[in-house]
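Subject: Structure handover

Hello,

Please find the structure below, with notes on what turned up when going through it.

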Amino acid sequence: MSDYPTIPLETYQEFPVDEMRERVEEFYADVDRRRSVREFSARPVPRDIIETALKAAGTAPSGANLQPWHFVVVSGAGTKKKIRHAAEIEEREFYTHRASAEWLEALAPLGTDEHKSFLEIAPYLIAVFLQKFAALPDGRKVKHYYPTESTGIAAGMLITALHRAGLATLTHTPSPMKFLNKILGRPKSERPFLLLVVGYPADDAKVPDIERKPLEDFTSFIDS
Ligand SMILES: Cc1cc2nc3c(=O)[nH]c(=O)nc-3n(C[C@H](O)[C@H](O)[C@H](O)COP(=O)(O)O)c2cc1C
């Protein structure tokens, strides 16, 4: 054993098997209701709910516990407008030139295009940044390990926490997203990972009629 200090695992909780089953089934039913929403209401959402969801994201496991993420929560109209403007420029370029025919074909069932009014309508945009390095107070840089995996897990937990709270999200990735560093004043060592749009869905929101793969199509079990 290493000489580093340890503490008892007091946070672990075991449940009887029947309760385990009930809990996981209830969780599955809840997350199965989640849909990416592209039509938002402007109804305000209390900020403490966003903060608690972010705390949940911050519990994500991370390579060497380096927690290589930063979340910028945007609620101001001026900044949202700038983000929308910059995102629509990139998206216009994407839909008219950058995207391959194959990519556009994959996106067709979603009905997405370069118009991103939700970026101004939704009460919150949460820009998730991946930190490639940590900057120490003495100016040295510390490399982060598995920052993509770690930030992806944290983002997934954030989406799930917000959904559980009764909020809708859209995982948005206008490509490239470097404009987010500039608008939000984040350093070059941080890579914009995704832009999460958060709020209540619009009253008449519709979502694409698409399917999720059944379990057997995305898992294998090896029992020997
Ligand atoms: C990494 C990632 C990037 C995405 N980027 C976009 C995007 O830029 N615009 C968009 O409308 N949806 C985007 N989506 C949402 C997906 O289209 C959506 O998750 C998928 O169609 C499944 O639908 P569901 O989330 O309702 O289950 C993205 C999702 C992920 C995970």
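This is a predicted model. The notes start with helix 3, whose 22 residues reach 29 Å from the first C-alpha to the last, close to the 32 Å expected at 1.5 Å a residue. Its buried residues are K80, I83, A86, A87, E88, E90, E91, F94 and Y95. An α-helix has 3.6 residues a turn, so residues three or four places apart point the same way.

E90 counts as buried because its relative accessible area is 18%, and the cut-off is under 20%. Which residues does E90 contact, leaving aside its neighbours within four places in sequence? They are R98, S175, P176 and F179.

S175 and P176 are joined by a cis peptide bond, with omega about -5°. P176 belongs to the loop between strand 5 and helix 7, the latter covering 179-184.

Overall layout

The chain has eight helices and six strands. Along the sequence they come in the order α-α-β-α-α-α-β-β-β-α-β-α-β-α. The C-alpha atoms fill a box of roughly 55 × 50 × 40 Å, taken along the principal axes. Of the 224 residues in the chain, 33% are buried. Among contacts with a separation of 6 or more, 79% are between residues 24 or more positions apart. The accessible surface of the chain is about 15,000 Å², and carbon and sulfur atoms account for 55% of it.

As for confidence, the mean pLDDT of the chain is 96, and 100% of its residues reach 70 or more. Where among the elements is the mean pLDDT lowest, and where is it highest? The lowest value, 85, belongs to strand 3 (residues 133-135), and the highest, 99, to helix 2 (residues 47-57).

The ligand

A ligand is present in the model, and the residues surrounding it are R34, R35, S36, R38, L110, T112, L170, T171, H172, T173, I210 and R212. For S36, an N or O atom of the side chain is 2.5 Å from a ligand oxygen. For R35, the distance from a polar side-chain atom to an oxygen of the ligand is 2.7 Å. For R212, an N or O atom of the side chain lies 2.8 Å from a ligand oxygen. On its own the ligand has 630 Å² of accessible area, and the protein covers 67% of that.

H172 is one of the residues around the ligand, and its place in the chain is strand 5 (residues 168-172). Is H172 buried or exposed? With a relative accessible area of 5%, H172 is buried, because the limit is under 20%. Not counting residues up to four places away in sequence, H172 touches E91, K116, F118, L119, M177, L194, L195 and V197. One of these, E91, is among the buried residues of helix 3.

Helix 6

Helix 6 (residues 147-164) has 18 residues, so at 1.5 Å a residue it should span 26 Å; its end C-alpha atoms are 25 Å apart, which agrees. Buried in this helix are P147, S150, T151, A154, A155, L158, I159, L162 and H163. The cover over those residues includes helix 1 (17-32), helix 2, strand 1 (69-74), strand 2 (124-131), strand 5 and strand 6 (190-199). After helix 6 comes G166, with a positive phi near 95°.

Loops

Y146 lies in the loop between strand 4 (141-143) and helix 6. Its phi is positive, about 50°, although Y146 is not a glycine. Y146 counts as exposed, because its relative accessibility of 57% is over 50%.

The loop between helix 2 and strand 1 holds A64 and also S62. A64 is likewise not a glycine, yet has a positive phi of about 55°. Not counting residues up to four places away in sequence, S62 touches Q67, P68, W69 and S150. S150 is one of the buried residues of helix 6.

Regards

Conventions. Residues numbered from 1 in each chain as written. Predicted model: local features only at pLDDT ≥ 70, side-chain atom pairs only at ≥ 80, totals over all residues. Heavy atoms only, no water. Buried < 20%, exposed > 50% of the residue type's maximum accessible area, 1.4 Å probe, protein only. Contact = heavy atoms within 4.5 Å. Helix = DSSP H or I, 4+ residues; strand = E, 2+ residues; numbered from the N terminus. Expected span 1.5 Å × (residues − 1). pLDDT = per-residue confidence, 0-100. Near = heavy atom within 4 Å. Polar contact = N/O pair within 3.5 Å; in protein donor to acceptor, adjacent residues only side chain to side chain. Areas by Shrake-Rupley, 256 points an atom, 1.4 Å probe, with all protein chains shown as cover.
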